[in-house]
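Hi everyone, thanks for making time.

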Amino acid sequence: MSETLQAADADQEATEERSPANAEDLLVQEGDIAGDYLEQLLDVLDYDGDIDLDVEAGRAIVSIDGGEELEKLVGPRGTVLEALQELTRLAVQQETGVRSRLMLDIAQWREGRRTELRELGKSAAEKVLSTGEKVRLQPMTPFERKVVHDAVAAVKGTYSESEGEEPQRRVVVFKEQ
């Protein structure tokens with residue numbers, strides 16, 4: 001077989017692997033790899049935790065619940081959680097050869113933070129409406145900024161943008177003109 005035909009076959013296989021029919025299977029595979037990786041981590045740390053795998057909105061979701069020690073894996077403002085999520089994504093990429101977008105949650109921290117951020121975005125938008133002045137929020141992770149942007153978008157008459165460079169990137173809320 002010529003090199004051109006081999007390259008065409010490889011391109012075809014890559015396209016088939018990414019087709020919508022296989023997308024959910026690939027996300028389930030990501031979740032399984034991540035679950036195994038995190039299970040080993042918990043064993044090394046001698047922490048208890050139940051790992052739950054799900055697929056939601058086009059990404060693998062991995063949650064660890066239970067065990068009192070899990071709060072240590074979240075860290076201040078989720079910094080340890082973010083680092084563990086990145087390490088888990090790298091472990092998945094090493095196995096699959098594809099960059100993962102999986103979301104990791106530990107001790108339901110992200111869900112609680114999501115609720116806080118929705119309220120923060122809503123109150124910032126309401127303040128902008130009442131004062132007419134833009135509001136700059138504290139620096140946030142991409143996850144946090146997305147939640148705030150969505151909350152601001154739900155308040156008629158306001159919009160938001162991100163400004164700055166990581167790790168000092170923040171949301172700024174404006175009144176529509």
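Let me start with what I mean by a pocket: on a 1 Å grid over the protein atoms alone, it's an open set of points where a 1.4 Å probe fits, with protein on both sides within 12 Å along at least five of seven lines, and lining residues have an atom within 4 Å of a point. Grid points are joined across faces, edges and corners, and a volume is the space filled by probe spheres set on the points.

Some housekeeping. This is a predicted model, where local features need pLDDT of at least 70, side-chain atom pairs count only at pLDDT 80 or more, and totals for chains, interfaces and linings use all residues. Residues are numbered from 1 along each chain as its sequence is written, and side-chain values use heavy atoms, leaving out hydrogens and water.

So, the largest pocket: it holds about 700 Å³ of space. Of its 25 lining residues, the closest to the centre are R59, I61, M103, R114 and F143. Helices (H or I, at least four residues) and strands (E, at least two) are DSSP runs numbered from the N terminus. Which helix gives the most to the lining? That's helix 5, with six residues.

Helix 5 covers residues 142–153 and lies across strands 4, 5 and 6, at about 160° to strand 5. Contact here means heavy atoms within 4.5 Å, and angles run from 0 to 180 degrees between N-to-C directions, with axes fitted to C-alpha atoms, for helices over the stretch in contact.

Those three strands make an open antiparallel sheet in the order 4-6-5. Strand 4 (135–139) and strand 5 (158–163) are the edges with a single partner strand each, so one side of each has no neighbour in the sheet. Two strands pair if DSSP finds at least two bridges between them; strands 4 and 6 have three, and R136 is bridged to V172 in strand 6.

There's another open sheet of three strands, ordered 1-2-3, with mixed pairing. Strands 1 and 2 pair antiparallel over seven bridges, with D52 bridged to S63 in strand 2.

Last stop: R113, in helix 4 (residues 109–131). Is R113 buried or exposed? Buried, at 11% relative accessible area; the cut-offs are under 20% for buried and over 50% for exposed, partly exposed in between, with a 1.4 Å probe and protein chains only. Among the residues R113 touches are R77 and F143.

How values were computed: Lists of a residue's contacts leave out its neighbours within four places in sequence.
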